[in-house]
Amino acid sequence: MNQSKIKVGIVGGAGYTGGELLRLLLNHPAVELTFIHSKSQANKPLYSVHTDLFGDTALQFTAELKKDIDVVFLCLGHGDSRLFLQENSFGETVKIIDLSQDFRLKKQGNPFVYGLPELNRTQIKSAQYIANPGCFATAIQLALLPLAAQQLLPKSIYIQAITGSTGAGQGLAATSHFSWRANNLSVYKAFTHQHLGEIGESLSQLQPQEQPALKFIPERGDFTRGIFVHAMMESALCLEELQTRYALYYEDHPFTHFSPEAIHLKQVVNTNKCLISIDKYQDDVLITSAIDNLLKGAAGQAIQNMNLLFGLDEKIGLNLKASAF
């Protein structure tokens, strides 16, 4: 692309993912923020909602949509992105990256490419519309893709994953209230979580025969951000073979790394990384993966997709360092 900056618009800039996008894009060297749309916060400064941006920018929320842009990020609630695009249109050259679940599943006439770079990097580069993956879906798929790519997933996989409170969004709910969440742990949507559909489609893309049954138990944790996944299954492969296959699969992907040592959540929080480790006992395999749900699970991955769309280095604007303590 030429040296002119990418003109970016954000729709739904007042929520958690909108805030994360702002923090990243304000420091992205190839981006010009053109508008941040929010009907509820129109004409207020960004720092009135995202208070950490006080002193960083004088930009304001707006109720107006500017059409002279190169890409728009949709940070709307599930179901709202589809409605928004029915009521509003952009030019034929404007690229759209949607962070809701509205366009993730393959349906007749759906022009969106599923935006998991470790699976669809080539298709993303030439796409116009991107459906950004879900946070649980990202962490779980990255834990399983190397085996699916070689048709080695077994018939049944047990998955336990715990997420921080920001995974529930900014809306008020009893289960996101501090008094309920602190020093607490709970299961929700056991076996039925909405991300199972997109996970299944991605795995079938690589392993079309003998789809595994995913027995997924999501949990709410008493921390703010991050997802920690345990995927358990049987495999005849030895530990060294498994480790080699994972290291090779991700060697050309800058954000996903196989670790020979056990991983922990603080290694990835505040980064766009996914870390994966493997352990084995007899025929039982434990695959552990960890991401930041707001970054690799949402806004960071969306910018990674934008970089690919515009021919930029995949890592630009995303060289983020975890806080160790």
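1. Where does glutamate 210 lie? Glutamate 210 is in the loop between helix 6 and strand 9. Helices here are DSSP runs of H or I with at least four residues, strands are runs of E with at least two, and both are numbered from the N terminus. Glutamate 210 has a positive phi of about 50 degrees, although it is not a glycine. It counts as exposed, at 61% relative accessibility. The cut-offs are these: buried is under 20% relative accessible area, exposed is over 50%, and partly exposed is in between (1.4 Å probe, protein chains only).

2. A word on the basis. This is a predicted model, in which local features need pLDDT of at least 70 and side-chain atom pairs count only at pLDDT 80 or more, while totals for chains, interfaces and linings use all residues. Residues are numbered from 1 along each chain as its sequence is written, and side-chain values use heavy atoms, with hydrogens and water left out.

3. Now the overall build. The chain holds 8 helices and 13 strands. Its radius of gyration is 19 Å, close to the 20 Å that the globule rule gives for 325 residues, so the chain is as compact as a globular protein of that length. That radius is taken over C-alpha atoms, and the rule is 2.2 Å times the number of residues to the power 0.38. The C-alpha trace spans about 60 × 45 × 35 Å along its principal axes. Of the 325 residues, 51% count as buried.

4. Next, the main core. The largest nonpolar core has 39 residues, and Leu144, Ile159 and Ile287 have the most contacts inside it. Several elements each supply at least two residues of this core, among them helix 4 (135-148), strand 7 (156-163) and strand 13 (284-291). Helix 4 gives the largest share, 11 residues. Apart from this core lies another, of 35 residues, including Phe61, Val71, Ile130 and Ile303. A nonpolar core is a set of buried Ala, Val, Leu, Ile, Met, Phe, Trp, Tyr and Cys residues joined through side-chain atoms within 4.5 Å.

5. Take isoleucine 159 in detail. Leaving aside neighbours within four places in sequence, isoleucine 159 is in contact (heavy atoms within 4.5 Å) with Ile140, Leu144, Leu214, Lys215, Phe216, Ile217, Val229, His230 and Ala231. Across the chain, among contacts between residues at least 6 apart in sequence, 73% join residues at least 24 apart.

6. Alanine 290 is worth a look. Alanine 290 is found in strand 13. It is buried, with a relative accessible area of 0%. Alanine 290 and alanine 143 are 147 residues apart in sequence, yet 9.0 Å apart in space, C-alpha to C-alpha. Neighbours within four places aside, alanine 290 is in contact with Ile227, Phe228, Ile263, Leu265, Val268, Lys273, Cys274 and Leu275.

7. Which residues of helix 8 are buried? They include Ala299, Ile303, Met306 and Leu309. Just after helix 8, glycine 311 takes a positive phi of about 70 degrees.

8. One more loop residue. Asparagine 183 has a positive phi of about 55 degrees, although it is not a glycine. Its place is in the loop between helix 5 (178-181) and strand 8 (186-187). Asparagine 183 counts as exposed, at 75% relative accessibility.
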